[in-house]
Amino acid sequence: MSASRTSRVFLRVATGLTLLFIYFPLVIIALYAFNGNTSLGWPITSWTTEWFARAFADEGVRSALILSAQIAVAATAVAVVLGTLLAFAVQRYSFFGRETVSFLVILPIALPGIVTGIALNSAFRATGIPLGTFTVVVGHATFCVVTVYNNAIARLRRTSRSLEEASMDLGADSFQTFRHVTFPAVRSSLVAGSLLALGLSFDEVIVTTFTAGLQQTLPIWILSNYLRPNQAPLVNVVAVLVIIISVIPIYLASRLSSDAGNVAPVTR
Amino acid sequence: MTAPAATPATGAGLVRRLAIYLDRRPRLRLGLLLTPPLGWLAIAYLGSLAVMLISAFYRVDAFTGKVVPEFGLGNFQTLVTSDVYRTITVRTVGVAAAVTITDALIAFPIAYYMARVAGARVRGLLAVSVLLPLWSSYLVKVYAWYVMLAEDGVLNWLLGPLGLSGPGYGDVATWLVFSYLWLPYMILPIYAGLQRIPESLLEASGDLGARAGTTFRRIVLPLAFPAVVAGSIFTFSLTLGDYIAPQIVSNTQFIGNVVYRNVGVAGDLPFAAAFATVPIAIMIGYLLVARRLGAFESL
């Protein structure tokens, strides 16, 4: 259907306004990182880059950044192993309850965040596991499995099995076939899935607040500092850092997996 | 593709024997693949959910502050009879519904432009532009609105000359921030849904004499509706499960705020667990309706 001229103009304007709505707050917060004043009033009257140096020198920011990175890497490592195994099982075999399995894997992310949070919190308390880095990793890994699984299974669906059969016919055993044929075919989808998992974990707040105990990840550092007036400049800088750190892996992942569908509708 | 020659080294023979052993036992292979992930999800996730659901029936001793593991419906009685919790539930569901409608209205034009008007290059660019903020820091976005909505913030500065002022902090701010946060979750399913509508249907409608407006109303909207419902699952569920945004840009309570406040040493964990079953029940009902409307094929 060729939309009429008026409706084209309307759609174009609406699209522009929507993009403005999406990006305006991000631009504003990026500008505040260079604010010369310590107050959050608008307009910004003086500019500086000194808060970046201060933020990097700040002990609280540094340890939160390191902790967030460690948790993201650990949770992603677990998620890659579990998600890959599950994707192979679901895609390559038919078994009783296969549909249930693919439903189970999205459940941690489909149910409201507070539900996952309080469920994990109750379970850790009931079993006497102290809240801390370990419990955060368990929580993050649980909802990161789905990103790896989704990417891996989409790739497995598209790769033909004839290459693997050829490899076996030529005398390779199943381990060699996996190492030299199957794995190279799915490798980039696993990288894309793990990048998404890294971004997801790095950014997560709600489940983290229920499982972290006294540990401070970077988002939790923001949450406990944004109301302190003298910390505001540092919070602005950390906010920009978090945007950059979480966007880069997502951007790379969307380039790696050609179909944006795998990246898209998965919730936090 | 270079097929590796099987090098007959010692030790490699053992691996090869294992490979052959596994090759003949597909059920064993499946078991080995499934055990770690299912074990994890069953123990860490379903186990946790079970613990939570059971503890919703316990109570806290008023004197010692300890959880008493006796079954009872006291928590649910409090939920149903107390005006406070009913108000909170109504507010949470109301804002979730308002956010869903707002996002559907904002998302439809841009999704339509992406799917059916823009050229391939612009379409790809727009898809990435919508996708990136979807994943970029949730908390930073809430914080950005906290800064913008302040008394001397940028919104009042922009609206002031027009004789208007921003909403300030409160339920309106919460609605605005949630609509902002979940908008990409609505745009992407609608975009995908609109792309799936075959061009031939629209041409047929035009050939049969329908104007553009009629075709839109009678063909495009009904076919795109399941995609809107699919997007609404996200906007609805995410709003029900959030407590950070209301905490930052409002002073009113959502279900999540009550749940979070009751987790902690001084809190009432069984009551928090009981209240958390409310969003679960709402979401299960919502998903059942969504499935009837055909939304699952659009996910």
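Helix H3 of chain B passes helix H13 of chain B in a right-handed crossing, a crossing being right-handed if the near helix is turned clockwise from the far one by less than a right angle, and left-handed if anticlockwise. The model is predicted, with local features needing pLDDT of at least 70 and side-chain atom pairs pLDDT 80 or more, while totals for chains, interfaces and linings use all residues. Residues are numbered from 1 along each chain as its sequence is written, and chains are lettered from A in the order in which they are written.

H3(B) spans residues 74–81 and H13(B) residues 269–292; helices here are DSSP runs of H or I with at least four residues, numbered from the N terminus. The two pack at an angle of about 60 degrees, with their axes 9 Å apart. That makes H3(B) oblique to H13(B), since angles under 35 degrees count as roughly parallel, over 145 as roughly antiparallel, 65 to 115 as roughly perpendicular and the rest as oblique. Axes are lines fitted to C-alpha atoms over the stretch in contact, and angles run from 0 to 180 degrees between N-to-C directions.

From H3(B), Asn75(B), Phe76(B), Thr78(B) and Leu79(B) meet Pro270(B), Phe271(B), Ala274(B) and Phe275(B) of H13(B) (contact: C-beta atoms, placed from the backbone, within 7 Å). Six of these contact residues are nonpolar, two polar and none charged (nonpolar: Ala, Val, Leu, Ile, Met, Phe, Trp, Tyr, Cys and Pro; charged: Asp, Glu, Lys and Arg; polar: the others, Gly among them).

Chain B is divided into domain 1 (12–55) and domain 2 (79–298), with bounds from an automatic or database domain assignment. The C-alpha centres of these two domains of chain B lie 37 Å apart.

Technical notes: Contact = placed C-beta atoms within 7 Å.
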